[in-house]
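Welcome! Please take a look at the structure below, and then let us walk through some of its details together.

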Amino acid sequence: MNNQEKKDLRIFAAQIRIALLEELKARGFGHVGGSLSICDLLAVLYGKVMNYKPEDPKWADRDKVVSSKGHAGPALYATLALKGFFPMDELKTLNRPGTNLPSHCDKNKTIGIDCTTGSLGQGTSQAVGMALGDKLKGRPSRTFLIVGDGEIDEGQCWEAAMFTAAKKVNNLVWIVDDNKRQLDGPTAEILPTFDLRAKFEAFGFDAVRVPGNDVEALYEALTKTPEDKPIAIIMDNVKGSGVKAVEDTPANHSMTVNAETWDSYIAAVKADLETIEKEVV
Amino acid sequence: MKVIYDGSADSRTFKEFLSTDIPKLLDENPDYIYLDADLMSCIGTAKYGKAHPDRAINCGIAEANMVGIACGLSAAGFKPICHTFGPFASRRCYDQVFLSGAYAHNSITMIGSDPGVTAAMNGGTHMPFEDVALYRAIPGATIVDPADTAQLAAIFQDLVDREGVKYLRVNRKSNDRVYADGEKFEIGKGVVLREGADVTIIASGFMVGRAIKAADLLKKQGIDATVIDMFTIKPLDEELVLKYAEKTGAVVTVENHNAIGGLYSAVADVLAAKCPTRMARVAVEDEFGEVGPVDYLAERFGLTTEHIVEAAESVVVRE
Ligand SMILES: Cc1ncc(C[n+]2csc(CCOP(=O)(O)OP(=O)(O)O)c2C)c(N)n1
């Protein structure tokens, strides 16, 4: 990846964060921490890695995304709107009566959402089935599965992981958002995951650990061609990443703050965006 | 029974009740033990959990495992109380509750928070309209859907002490206030809140306040309604159902749940077999939930006071 491409992805990530925060501000509350922590990943996926057609969202050969941590829906909605799947204005309807943008991902409501999630763990097996189906149908598609480091407490995740490697569903990429926190607090206190990379390796994956905000490293990991084993990417991350004030709020799973506070978050990302834009490549 | 309903909200939320009374039980008796699946902060027990990690165990986001562990703890002589959101306290761990719990004669108390439309902003994935149906199908299970915190306070320890699988469905926020503090209740016995000869309205939980309000509106139209708070859905107070069905000849059930398998089904089962009676229902009509504020959802799924009034009017036999 050249410097210009890298810069473009960082700009896109900042734009996703801004759109996400505007979206949450319009409703006043939402799952901000775990949405912010996947913005860089989404920028790389939708900005450079994936094949898709916003004008033909159900194109069978597209690459697919499953956010098994369904509460990060608002980050996906922001990304999809920026990519033209639906109008930006629609983001303001988040969680409003009759909305197409519910708090958790719903493939029957939102254009561009590939899998219905919200009951943690369940996206994993569905993603395995989707990828397996693409493979059996001879499609070139890859599926990118995003799992939370709290979510991975669910036994279903490990059942799905075991199947992925055992049956060589290598067109599925597992991405664990290791942002070190779940709902009640630090993952290390609630239910420590121990060494996730070693765990995935023991489950038969080719596992790597990558900084969650490093678009270049993410790109390298996401575009690696799996040889014999499926790929698992452990994203070393911070819950609320990209907005210092949110990162520093311990209980940042779901936050209710006033409009000025949302504006201060947005202003902080806009300032970062300006700095990136000024960088000479 | 002192009914103090005046349309105002309970002065205490269920979350406030649980956050104080679960720790109180745990402090009282070392045989009580509490398990949660990463939702302690949602019912206000996180602070206690941090201070007493061996009495209040955070199992992480692993509901089926939590229930299995609770069943093992029951076998080891404990009285476990488990909490998670309603859908995860029912659907997500059903086989564990059924087999490791009920079938194996282990005793556990499952608290499922934010039932039905009270799941509000968490949306359709988190909105159980079927939790009662699932628990009703477990032999010997107890299901409690309390109207307010005064009622819950009166029966909470009895429920935890009771043998078998118990399911408590509670809104984390407050329902309408119905009872004065200190009133006594018995699990399995419905409570008559209003006496009227024309129709019997049987409600539970979140809907009880609305049922009383509907009865007051009906009175203005010359319809005298009995209102029963059926806070124990299983075992159902059959005697009370039969008595009032015979007395009024018309029954309306009112629930924040799917009509299939819930209070309507429970009451209809009894009446169909022992006293066929004209019935109508206020319930979710076999639909999935969706996201939105509670008042919007109550309207959307037909759970308002007006819906109760209409249902009552439709079954009353006018001379
Ligand atoms: C089966 C299930 N149990 C519980 C919940 C409630 N819940 C939603 S998000 C969350 C914490 C998720 O933590 P993590 O996976 O680490 O996500 P992140 O920190 O990235 O937001 C919990 C407990 C749920 N949605 N599904």
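## A cluster of rings

W158(A), W174(A), F200(A), F203(A) and F205(A) are linked into a cluster by ring pairs, where rings of Phe, Tyr and Trp (its six-membered ring) pair if their centres lie within 6.5 Å; planes under 30 degrees apart count as stacked, over 60 as edge-to-face and the rest as tilted. This is a predicted model, in which local features need pLDDT of at least 70, side-chain atom pairs count only at pLDDT 80 or more, and totals for chains, interfaces and linings use all residues. Side-chain values use heavy atoms, with hydrogens and water left out, residues are numbered from 1 along each chain as its sequence is written, and chains are lettered from A and ligands numbered from 1 in the order in which they are written.

## A stacked pair

Over all chains, the count comes to 15 aromatic pairs. One of them joins Y52(A) and F85(A), which are stacked at 5.7 Å centre to centre with 25 degrees between the planes. Y52(A) counts as buried at 19% relative accessibility (buried means under 20% relative accessible area, exposed over 50%, partly exposed in between, with a 1.4 Å probe and protein chains only). F85(A) is buried too, at 9%.

## Where the chains meet

Which residues build the contact between the chains, and how many come from each? Chain A gives 28 residues and chain B gives 24, contact meaning heavy atoms within 4.5 Å.

Across this interface there are two salt bridges (a side-chain nitrogen of Lys or Arg within 4 Å of a carboxyl oxygen of Asp or Glu). K50(B) forms a salt bridge with E189(A), their closest N and O atoms being 3.4 Å apart.
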